[in-house]
Amino acid sequence: MKNLIIIILCLFVTASRAEEKKKRINYCTTLEEAMKLSTQRHKPIFFNCFAGWSGGSLLMDSIALQDPRLVKFIEKNFVSLRVDMVKTPEGRKLSEKYSVHFFAHFLILNSKGEIIHRIVGGSKVPEFQKHLKKGLSSKTSLAGLGKRYENGDRSLSFLSNYANALNTADEKEKFIEVTDYYLEQASTKELLKPNSWNILRKRGIQYNSKWYNFVYNHKHELIRANGESVPDFLVQGAFMIVYPIMIMQSPYNEHFITDIENKMRPLASSAESCKQLMNICHILRLRHEKKYSEMLSLWETTMTHFPDAFVEWKFDMTLPLLHDMPQQEKEKACNYLKSKLAGLEGTKLEQYRYAIQTLTDYQGIRFETGNLAEALEKASREKKPLFVDCFTSWCGPCHMMSSKVFPSKEAGDFFNPRFVSIKIDMEKGEGKELLKKWGINAFPTYLILNNQGEVIYSSQGYIPAEELIKRMQEGLKQLNK
């Protein structure tokens with residue numbers, strides 16, 4: 001009998017827990033209904049601004065907002081509203097009314113439908129609940145803090161709290177205004193305290209900016225106060241400069257690479273992310289110097305266990321672009337890429353296979369990987385004109401030329417003996433100034449430059465290899481006049 005009672009109690013507890021797990025937020029479906037209930041129950045409105053296409057919305061909807069603890073908290077403190085902001089007419093109107101353009105996105109409204117608090121982006125349950133709690137008090141809500149700011153409160157502790165609320169709300173312009181005032185008023189001693197760190201890390205993320213350099217120059221004091229987040233921040237700022245060079249969207253810049261290495265070297269002994277960045281800088285220098293064998297050895301060591309799979313993939317996909325790599329190094333690069341195939345599937349698997357095939361079979365135009373000055377120097381040394389492919393990342397015909405025409409043997413056989421060739425993205429790096437200098441207004445544009453850097457011939461548009469060769473022959477005739 002005693003055992004039977006225990007079994008019944010266990011079943012009851014199990015059933016109760018299962019029921020608890022099934023709890024869902026009871027949502028209103030219209031703003032009018034939510035405002036009415038808000039007035040009746042004297043509770044603010046939790047507004048889940050849902051978008052079915054957004055991964056952030058879907059994750060919050062299916063995981064965080066089904067957590068029993070969070071559901072219980074929301075049901076206790078709010079009237080809840082959920083509207084699809086994209087698919088429904090009401091949602092689209094509310095998107096405009098409340099300036100909801102990024103997802104995941106959540107609002108706390110009063111009974112009149114006015115914004116009390118805004119939360120942009122998803123987070124784990126404990127952090128999200130803290131954000132919601134701040135919206136329940138005028139002392140910590142976005143609206144309450146905004147009112148204090150308008151009334152003239154400029155104390156540092158208040159500005160720090162208001163800046164955090166603005167950051168959570170993704171209100172960038174106001175965040176910059178408030179943090180500018182904070183950073184101007186705070187002493188160095190205040191800036192080194194933990195409550196200033198969130199502001200410093202947001203305002204100083206741009207490499208070599210005033211506040212990035214402040215963090216770097218006071219790194220030891222800030223590390224003692226804030227731990228490993230400080231060297232990680234410094235690496236992140238430097239990486240934003242290095243990444244476009246890594247994926248060959250920007251030309252190699254020795255000044256930047258040397259400066260980054262000098263800044264990171266004192267941190268490399270204690271921070272793994274610094275060591276990885278130093279290795280990447282070394283790889284880029286070796287790539288620029290065309291020391292491909294040494295480059296590939298360090299590449300394999302660094303990228304095989306790289307923590308960011310997306311960056312690893314993007315970097316790996318630049319290997320087939322090194323057209324002047326000797327055959328032995330091409331085989332080494334192919335073996336490295338083949339080692340990555342295990343476990344891949346879908347598009348990424350196809351891209352790695354294509355990269356291997358390109359390395360093995362490429363017979364097309366060999367493009368230089370440096371900047372315009374370096375390409376001109378090489379062209380002058382080899383007594384050849386310079387062929388410039390002026391492209392943009394969004395240009396469909398540019399991609400077609402790069403994938404179909406430039407890699408063809410026909411194009412390679414014509415261009416490689418006659419030209420030094422370079423590709424320049426006209427919206428990045430030196431391309432922005434060259435766009436104005438050369439007066440380019442259509443893409444792709446092809447130029448022939450003499451050894452003084454003067455434009456001798458230009459042509460535009462997607463054209464097959466045969467027509468491209470014909471036009472470049474016309475350009476060579478003009479060059480030789």
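**Leucine 447**

I began with leucine 447 and listed what it touches, leaving out residues up to four places away in sequence: Leu386, Phe387, Val388, Cys390, Trp438, Ile440, Val455, Tyr457 and Ser458, where contact means heavy atoms within 4.5 Å. The model is a predicted one, in which local features need pLDDT of at least 70 and side-chain atom pairs count only at pLDDT 80 or more, while totals for chains, interfaces and linings use all residues. I number residues from 1 along each chain as its sequence is written, and the side-chain values use heavy atoms, with hydrogens and water left out.

Leucine 447 is found in strand β9; helices (H or I, at least four residues) and strands (E, at least two) are DSSP runs, numbered from the N terminus. Is leucine 447 buried or exposed? At 3% relative accessibility, leucine 447 counts as buried, a word I use for under 20% relative accessible area, with exposed for over 50% and partly exposed for what is in between (1.4 Å probe, protein chains only). I also looked up cysteine 390, which is 57 residues from leucine 447 along the chain, and found their C-alpha atoms separated by 7.7 Å.

**Asparagine 371**

I then turned to asparagine 371, which lies in the loop between β6 and α21 (372-381) and is buried, with a relative accessible area of 18%. Its side chain reaches the backbone nitrogen of glutamate 374 at 2.9 Å, and a polar atom of that side chain lies 3.3 Å from the backbone nitrogen of alanine 373. For such pairs I note the rule: a polar contact is a pair of N or O atoms within 3.5 Å, where within protein one must be able to donate a hydrogen and the other to accept it, and residues adjacent in sequence count only if both atoms are side-chain atoms. Apart from its neighbours within four places in sequence, asparagine 371 is in contact with Pro251, Tyr252, Ile422 and Glu430.

**Arginine 471**

Arginine 471 is found in helix α25 (residues 465-479). I found a polar contact of 2.7 Å between the side chains of arginine 471 and serine 459, and, not counting residues up to four places away in sequence, arginine 471 touches Tyr457, Ser459, Gln460 and Ile463.

**Helix α3**

Which residues of helix α3 are buried? In this helix, residues 55-62, the buried ones are Ser57, Met60 and Asp61. Seen down the axis of α3, these buried residues fall within an arc of 100°, so they line one face of the helix; the arc is that of the directions from the helix axis to the C-beta atoms. What covers them includes β1 (27-28), β2 (45-50), β3 (79-84), β4 (105-109) and α6 (125-134). At the start of α3, I noted that a side-chain oxygen of serine 54 comes to within 3.3 Å of the backbone nitrogen of glycine 56.

**Two pockets**

The largest pocket has a volume of about 1400 Å³. The largest pocket is lined by 45 residues, of which Ile247, Met317, Leu321, Ser402 and Lys423 lie nearest its centre. Helix α20 gives the most to this lining, with 6 residues.

The second largest pocket has a volume of about 320 Å³. Of the 17 residues that line it, Glu127, His131, Asn164, Asn167 and Thr168 are the closest to its centre, and the elements that give two or more residues to its lining are β5 (115-120), α6, α8 (156-168) and α11 (197-203).

Alanine 104 is found in the loop between α5 (89-98) and β4, and proline 444 lies in the loop between α24 (431-438) and β9 (445-449).

Serine 99, in the loop between α5 and β4, has a positive phi of about 55° although it is not a glycine, and serine 99 is partly exposed, with a relative accessible area of 42%.

Terms used. On a 1 Å grid over the protein atoms alone, a cavity is a set of points where a 1.4 Å probe fits but cannot get out, and a pocket is an open set with protein on both sides within 12 Å along at least five of seven lines; lining residues have an atom within 4 Å of a point. Grid points are joined across faces, edges and corners, and a volume is the space filled by probe spheres set on the points.
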